[in-house]
Amino acid sequence: MSALRVVSYLNQFFGQIGGEDKAGVGPQVFPGAVGAARAVQQALGDAGHVVATVVAGDNYVAERADAAVSEILDLIAAEKPDLIVAGPAFLAGRYGVACGALCAAVQDRLGVPAVTGMHQENPGVELYRRRVYIVWTGTDAARMLDEVRRLVALGLKLARREPVGAPAVEGYFPRGITRNTLAGATAAQRATAMLLDKLAGRPVTSEVPLPDFPRIAPPPAVRDLGHAVIALVTDGGIVPLGNPDGIEALAATRFGAYSIEGRGGLDPGQYDNVHRGYDTSFVKQDPHRLVPVDVTRELEREGAIGKLHETVYSTTGVATTLAHSERMGREIAAKLRAARVDAVILTST
Amino acid sequence: MTPVAVMVGANRIVPAAGIIHPLGNADLSAEDEKALRRRIVERALQALRTEVVRPTVFTGGDSATAPAT
């Protein structure tokens with residue numbers, strides 16, 4: 001079989017255009033393998049050539065979604081590829097969502113197989129694992145070549161139309177597809193064996209995994225906003241100068257409670273921003289671009305809301321684990337309830 | 001990032017002005033930027049006033065779109 005034509009898709013960081021300051025760059029195509037695509041070429045060996053690397057900024061894609069994916073598809077189609085390798089995106093959320101959307105579009109609209117890779121907590125996994133083969137990876141690029149080898153191994157199977165094994169065997173996230181196989185024991189026997197394993201402290205794998213994101217019933221509408229207390233909460237990383245609570249720049253485990261009592265707005269000179277997942281220069285210039293104290297005060301004065309709660313809660317939502325997010329959410333909600341807050345506007349980046 | 005908000009089950013979602021300045025836009029005049037911010041907060045209040053049964057994106061005016069489940 002002749003060498004396959006492979007196109008790599010990367011974000012601005014792995015494509016070596018730049019960091020957050022370049023997250024707004026539009027799609028660009030480079031001949032051959034650049035940046036992280038060199039690992040793809042290395043993993044392919046003689047089996048294929050990375051004929052082009054397509055690079056686009058995280059924010060460019062996240063803010064335009066469908067339009068950006070269409071632009072990238074045009075660039076990819078021009079290369080007449082046999083396979084697309086997107087990422088791996090590790091725990092980078094915007095990048096993961098972009099890789100998932102792109103792979104889905106490549107398969108659906110170009111009829112070309114595609115594969116990507118992410119960490120299990122990347123939001124791209126839940127959004128796209130049913131439609132796209134997503135190989136599981138670590139949280140960062142520490143073992144890039146090893147992980148890219150697994151992406152490429154699965155990608156080659158897809159491109160050659162070879163049968164693909166079960167998720168646990170091939171190393172991709174389950175796609176929700178059920179295939180009948182003959183079990184060696186009845187359900188009663190398997191359940192009993194599982195229970196015995198559990199009692200003995202041995203590892204147990206359920207045959208019916210539970211969903212990762214339990215549905216939360218929507219709270220009822222606020223009937224009378226004119227008498228309601230509204231709080232502002234953000235995961236965008238605003239902190240007072242000096243970050244007194246030591247909120248982590250990423251993978252946060254802490255949040256802060258900051259008083260806005262008696263203030264009509266937020267003075268940029270008194271605040272900093274520690275979030276390391278987006279370009280924070282605009283919200284440092286004017287914190288209202290993240291936490292709208294100014295206009296919410298106006299709405300309070302005009303009677304559109306009863307009262308603006310005098311404490312703003314803040315943390316950084318970037319590579320934050322689900323477990324810590326849930327705990328912090330519960331803790332913040334308990335404090336808001338105790339303060340008789342009726343509703344929250346949570347601003348997110 | 002509204003698809004992520006829907007996926008994790010946020011129930012009332014208002015699209016904002018972008019990742020690097022969700023409630024602003026440095027390209028606008030100070031006055032226009034504040035008006036933009038006020039519109040987004042007013043839309044959030046509208047969302048809070050509205051009963052929903054599943055994650056719902058409030059795209060503007062009175063129209064809200066509930067993603068298929």
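What does chain B average in pLDDT, and what share of the residues score at least 70? Chain B averages 88, and 86% of its residues reach at least 70. Keep in mind that this is a predicted model. For the complex, the predictor reports an ipTM of 0.91 along with a pTM of 0.64. A word of caution for any close-up: where pLDDT is low, the predicted coordinates should not be read in detail.

**View 1. Chain A, taken as a whole, has 11 helices and 13 strands.** Chain A runs to 349 residues, and 42% of them count as buried. Now look at its contacts with a separation of 6 or more: 73% of these come from residues 24 or more positions apart.

**View 2. Helix α1 of chain A, residues 37–44, is largely enclosed by the rest of the structure.** We can say that because 6 of its 8 residues are buried. The buried set is Ala37(A), Ala39(A), Val40(A), Gln41(A), Ala43(A) and Leu44(A). So what covers them? The cover includes the strands β1 (4–11), β3 (48–56) and β4 (83–90) of chain A, and also helix α6 (144–159) of chain A.

**View 3. Chains A and B meet through 35 residues of chain A and 27 residues of chain B.** On the chain B side, the elements giving two or more residues are α1 (2–8) and α2 of chain B. Of these, α2(B) supplies the largest share, with 7 residues. Sorted by class, the side of chain B that touches chain A has 16 nonpolar, 6 polar and 5 charged residues.

**View 4. Helix α10 of chain A (residues 293–301) packs with helix α2 of chain B (residues 30–48).** Two packed helices are described by the angle between their axes and the distance between the axes. For this pair, the angle is about 65 degrees and the axes are 9 Å apart. The crossing of α10(A) past α2(B) is right-handed.

How values were computed:
Residues are numbered from 1 along each chain as its sequence is written. Chains are lettered from A and ligands numbered from 1 in the order in which they are written. This is a predicted model: local features need pLDDT of at least 70, side-chain atom pairs count only at pLDDT 80 or more; totals for chains, interfaces and linings use all residues. A residue is buried if 20 or more other C-beta atoms lie within 10 Å of its own, exposed if 12 or fewer, and partly exposed in between; C-beta atoms are placed from the backbone. Helices (H or I, at least four residues) and strands (E, at least two) are DSSP runs, numbered from the N terminus. Two residues are in contact if their C-beta atoms, placed from the backbone, lie within 7 Å. Axes are lines fitted to C-alpha atoms, for helices over the stretch in contact, and angles run from 0 to 180 degrees between N-to-C directions. A crossing is left-handed if the near helix is turned anticlockwise from the far one by less than a right angle, and right-handed if clockwise. Ala, Val, Leu, Ile, Met, Phe, Trp, Tyr, Cys and Pro count as nonpolar, Asp, Glu, Lys and Arg as charged, and the others, Gly among them, as polar. pLDDT is the predictor's confidence in each residue, from 0 to 100.
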